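Please look through the sequence and the model before reading on. The paragraphs that follow lead through the structure one part at a time.

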Amino acid sequence: MNRLLKAAAITATAILASGSAWAADCPVTVLDPFDLEAGDINSIYDCMKDDLAAGYASQGSKVAENYRNWTATATRMAVAGPHGSRLLLTFANPIGAETYLKFEEEGVNMPAGSVLAKESIKIHKKKKKAVAGPLFLMTKVAAGELPDTNDWRYDALTPSGKVMKIKQSFCHDCHLGFEDQDYLGYPVEEVRVSN
Ligand code: HEC
């Protein structure tokens, strides 16, 4: 391979590896995610949202193809802290939406078949850009099917739609803190959509 071709091949590999083939990385001026105002967050989302959904759906995941038609559980993305201080926005499928949107703090029991899909965007401080993060998923299975995780299955897709290898216990150990809410963390209060 001559040197030019080699350079081109390396660049192509780098683009694919970084996922930037999908998410149009959007420049940001505020670098601490906790300092972002609602307006900043909405501009970032406007810049990223089309490529975000297209990237998640690009490997044929049915959930990734559908979740944007589900119910958004918040008025906009927000930063909760966990999940790597990323901007987060959760969608609930038709089976789960009604119960989820009550945001009850006790005795919550999500119906089997509920799916929560949570988009994420990270503020990359060095690059001064917003970059796509994983699509995080929780699926409620039939009672008794997954006793180790209280019948929740955790999944995640990369920004380019690939299934991530995750440890169920990694996710559930933290979600265990929300036991009375059927292990759901809910969006931060100021952005919750009321039922
Ligand atoms: C360190 C704690 C922590 C870990 C680890 C964690 N989560 Fe979460 N998760 C939260 C919190 C807090 C929320 C609610 C905040 C928000 O979504 O704005 C949440 C929300 C979610 C939601 C939206 C439904 C809900 O709970 O309201 C999904 C889906 C989700 N997480 C999936 C995952 C997956 C998949 C993993 C593992 C790869 C994981 N989580 C690991 C803390 C954690």
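A polar contact is a pair of N or O atoms within 3.5 Å; inside the protein, one of the two must be able to donate a hydrogen and the other to accept it. An example can be found at Ser120, a residue of strand 5. A polar atom in the side chain of Ser120 lies 2.7 Å from the backbone oxygen of Pro134. Is Ser120 buried or exposed? Its relative accessibility is 0%, so Ser120 counts as buried. Keep in mind throughout that this is a predicted model.

Now take the chain as a whole. It contains 5 helices and 8 strands. In sequence order, these elements follow the pattern α-β-α-α-β-β-β-α-β-β-β-β-α. The chain has 195 residues, and 41% of them count as buried.

A nitrogen atom of the ligand lies 2.8 Å from a polar side-chain atom of His175. An oxygen atom of the ligand is 3.1 Å from an N or O atom in the side chain of Lys118. With Tyr186 the backbone takes part, as one of its polar atoms is 2.8 Å from an oxygen atom of the ligand.

Rolling a probe the size of a water molecule over the atoms shows where empty space is left. The volume of the largest pocket is about 710 Å³. How many residues line the largest pocket? Its lining is made of 33 residues, and Pro82, His83, Leu88, Lys118 and His175 lie nearest its centre. At least two lining residues come from each of strand 4, strand 5, strand 7, strand 8 and helix 5. Helix 5 supplies the largest share of the lining, 4 residues. The lining residues divide into 24 nonpolar, 4 polar and 5 charged.

Helix 5 also holds Gln168. Gln168 has a relative accessible area of 28%, and it is therefore partly exposed. Along the chain, Gln168 and Trp152 are 16 residues apart, and their C-alpha atoms are separated by 9.1 Å.

The segment after helix 5 contains Asp180 and Asp182. Asp182 is buried, because its relative accessible area is 6%. The C-alpha atom of Asp180 is 4.8 Å from that of Glu106, although 74 residues separate the pair along the chain. For Asp182, the backbone angle phi is near 55 degrees, a positive value in a residue other than glycine.

Another positive phi occurs at Asn150, where the value is near 50 degrees in a residue other than glycine. Asn150 belongs to the loop between strand 7 and strand 8. With a relative accessible area of 28%, Asn150 is partly exposed.

Ala54 has a relative accessible area of 31%, so it is partly exposed. How many residues apart in sequence are Ala54 and Ser160? They are 106 residues apart in sequence and 8.3 Å apart in space, taken from C-alpha to C-alpha.

Terms used: Residues numbered from 1 in each chain as written. Predicted model: local features only at pLDDT ≥ 70, side-chain atom pairs only at ≥ 80, totals over all residues. Heavy atoms only, no water. 1 Å grid on protein atoms, 1.4 Å probe; cavity = no way out; pocket = protein on both sides within 12 Å on 5 of 7 lines; lining within 4 Å. Points joined across faces, edges and corners; volume = space filled by probe spheres on them. Nonpolar A, V, L, I, M, F, W, Y, C, P; charged D, E, K, R; others polar. Buried < 20%, exposed > 50% of the residue type's maximum accessible area, 1.4 Å probe, protein only.
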